[in-house]
Amino acid sequence: MASNVNPTVRRRRLGQELRRLRELKGMTAEEVAERLLVSQSKISRLENGRRSISQRDVRDLCGVYEVEDQRIVDSLMQMAKDSRQQGWWHAFGDIPYSVYIGLETDAESLRVYEPQIITGLLQTRAYAEAIVQGGSPESSEQENDKRVEVRLRRQSRITAEQDPLRLWVVLDEAALHRVVGSRQVMREQLEHVLELSQLPHITVQVLPFDVGAHAGINGQYSILEFADAADSSVVYIEGVTSDLYLEKPHDVQKYTVMYEHLRAQSLNVEQSRRLVERLAKDYAR
């Protein structure tokens, strides 16, 4: 059972429960920090699930919140214990976006807008190698190889026989024209996209050049949704030195509406396939 525990999701659920207990008590994060002689930022990081939490932290917080039901305390303590286990991605060492991988591993559905490249879950090995090397020219070959392997391992979510990740991707047409690796690599990559787009749980649309200004003009983002009602949706925006995770309902709703506009502005599924197929044939010449 322990091997199936997702530490990222456990931390997130635990943080949400601790925030709920604090709010029920009518206390601010600053007040809790003063009581425990810790920084307010620590309380915030524990509540947003971005930091691992010890059973001692849970015990201390339950004391401050005067939680009398021992069953609740025991449950939270177990969640803290589970949250300190390691996910499969930890075997690859320090992964900058490990929090995202944990969320993606547990997500039920994922909506992605990608303006520059073919999104990672749809990449072939050759394309992924070229992208990683081009995007991280200062990294060692070993480090780049590790990043490629992690990316390919993540793809098991969309190829799983049971409960695969439902994936909806809007690709800017620019991603299809940008020659990554070589023309042969691009031909194989676009053929791979066509093949995956035939799966019932994967939808690919292309945002054509002639749309002009559009709802995704500010750049790439992803929206993750989860089967468990206790897990709120998350908007993920990848950065160069740090990533942004938005979980407030207002923020998620705004990006969701933006995504609906993108889908409406894009070619439909069949039109998108025909364009990808035509460009794949062009690369074969």
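Author: Before we start, a helix here is a DSSP run of H or I at least four residues long, and helices are numbered from the N terminus. Keep in mind that this is a predicted model.

Reader: Okay. Which helices each supply at least two residues of the lining of the largest cavity?

Author: Those are helix 11, covering 183-196, and helix 13, covering 269-283. Helix 13 gives the largest share of that lining, four residues.

Reader: What makes this space a cavity, and how many of 30 Å³ or more are there?

Author: A space is called a cavity because a 1.4 Å probe fits inside but cannot get out. Searching the whole structure turns up one of 30 Å³ or more, and the volume of the largest cavity is about 30 Å³. Its lining consists of Val193, Leu194, Ser197, Val204, Val269, Ser272, Arg273 and Val276.

Reader: What classes of residue make up the lining of that cavity?

Author: Five are nonpolar, two are polar and one is charged. Arg counts as charged, and Arg273 is on the list of lining residues.

Reader: Why is Arg273 called buried?

Author: The cut-off for buried is under 20% relative accessible area. Arg273 has 19%, so Arg273 counts as buried. This residue is part of helix 13. Beyond its neighbours up to four places away in sequence, Arg273 touches Leu194, Ser197 and Gln198.

Reader: How do you know that the side chain of Arg273 makes a polar contact with Ser197?

Author: The limit for such a pair of N or O atoms is within 3.5 Å. The Arg273 side chain reaches the backbone oxygen of Ser197 at 2.5 Å, so the pair is inside that limit.

Reader: What makes a group of residues a nonpolar core, and how many residues does the largest one have?

Author: Its members are buried residues of types such as Leu, Ile and Val, joined through side-chain atoms within 4.5 Å. The largest has 41 residues, and Ile118, Leu122, Leu167, Leu176 and Leu224 have the most contacts inside it. Helix 11 gives the most to this core, six residues. Another core lies apart from it, with 20 residues, including Leu18 and Met27. In soluble globular proteins, nonpolar side chains tend to be buried together.

Reader: Where is Ile237 found, and which residues is it in contact with?

Author: Ile237 is in strand 5, residues 234-237. Setting aside neighbours within four places in sequence, its contacts are Gln220, Tyr221, Asp243, Leu244, Leu246 and Tyr255.

Conventions. Residues numbered from 1 in each chain as written. Predicted model: local features only at pLDDT ≥ 70, side-chain atom pairs only at ≥ 80, totals over all residues. Heavy atoms only, no water. 1 Å grid on protein atoms, 1.4 Å probe; cavity = no way out; pocket = protein on both sides within 12 Å on 5 of 7 lines; lining within 4 Å. Points joined across faces, edges and corners; volume = space filled by probe spheres on them. Buried < 20%, exposed > 50% of the residue type's maximum accessible area, 1.4 Å probe, protein only. Polar contact = N/O pair within 3.5 Å; in protein donor to acceptor, adjacent residues only side chain to side chain. Contact = heavy atoms within 4.5 Å.
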